[in-house]
Amino acid sequence: MMPNTCARDMMVSNLTTLSPDMDVLEALDVLLRHRISGAPVVDRDDRFLGIFSEKSCIRFVVDAAYEQMPTNNLMSFVDRDPPTIEARTDLLTIAQTFLDASCRRLPVLDANRRLLGQISRRDVMREVRDHLNKQEPVATGAGLYLSAVVDGVDRPFRAAR
């Protein structure tokens with residue numbers, strides 16, 4: 001049975017964030033100093049503007065190699081439309097979003113696009129593992145069934161009858 005966990009229950013809320021008026025090198029220094037692969041960019045009201053990541057840094061390097069005077073404005077390299085979720089998004093939807101979007105982190109936003117927190121792929125793995133550690137072992141002979149992870153009414157599909 002899948003835990004009734006939603007983003008609110010597992011998100012990290014004490015995040016390192018970046019300001020849109022930083023330059024790329026300042027933002028890169030923040031990522032390196034905090035040993036993180038990316039960070040949300042928020043305005044003064046904590047409204048989410050996008051994600052600056054290692055991939056953004058690589059884009060900056062490539063632009064600098066091809067242009068004589070590349071911009072070092074942070075917002076030029078921010079992913080302004082990454083996948084995001086709401087605080088009430090359930091664990092299975094979060095996991096599916098990670099698969100579909102192949103991203104490393106999902107910002108959790110409120111209705112006004114204010115940043116509430118963030119969930120990583122590792123947070124999902126930890127949540128599922130913690131839940132499975134609390135379960136009674138099921139003798140199946142063939143390993144873990146999907147039914148051991150997803151409760152009956154929440155299953156994304158049902159067998160044909």
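The model is predicted. Mean pLDDT for the protein chain is 85. Of its residues, 81% reach 70 or more.

**Confidence**
- Residues 152–161 stay under 50 in pLDDT.
- For that stretch, the model has 9 contacts beyond four places in sequence.

**Nonpolar cores**
- The largest nonpolar core has 15 residues. Those touching the most other members are L18, V41, F52, L74 and V78.
- Helix 2 (24–34), strand 1 (38–42) and helix 3 (54–66) each give two or more residues to this core. Helix 2 supplies the largest share, with 4 residues.
- F52 has contacts beyond its neighbours within four places in sequence. Among them are L18, V41, L74 and V78. The list also includes V24, A27, L28 and L31, as well as G38, A39, C57 and F77.
- Another core, of 12 residues, lies apart from the largest one. Its members include M10, A87, F98 and C103.
- In soluble globular proteins, nonpolar side chains tend to be buried together.

**Sheet and packing helix**
- An open sheet of 3 strands runs in the order 3-4-5, with mixed pairing.
- Strand 3 (85–86) and strand 5 (115–120) are at the edges. Each has a single partner strand, so one side of each is left without a neighbour in the sheet.
- Strand 3 and strand 4 (residues 105–109) run parallel and are joined by 2 bridges. I85 has V108 of strand 4 as its bridge partner.
- Helix 4 (residues 91–101) packs on the sheet and touches strand 3, strand 4 and strand 5. The direction of helix 4 makes about 130° with that of strand 4.

Technical notes. Residues are numbered from 1 along each chain as its sequence is written. This is a predicted model: local features need pLDDT of at least 70, side-chain atom pairs count only at pLDDT 80 or more; totals for chains, interfaces and linings use all residues. Side-chain values use heavy atoms; hydrogens and water are left out. pLDDT is the predictor's confidence in each residue, from 0 to 100. Contact means heavy atoms within 4.5 Å. A nonpolar core is a set of buried Ala, Val, Leu, Ile, Met, Phe, Trp, Tyr and Cys residues joined through side-chain atoms within 4.5 Å. Buried means under 20% relative accessible area, exposed over 50%, partly exposed in between (1.4 Å probe, protein chains only). Two strands pair if DSSP finds at least two bridges between them. Axes are lines fitted to C-alpha atoms, for helices over the stretch in contact, and angles run from 0 to 180 degrees between N-to-C directions.
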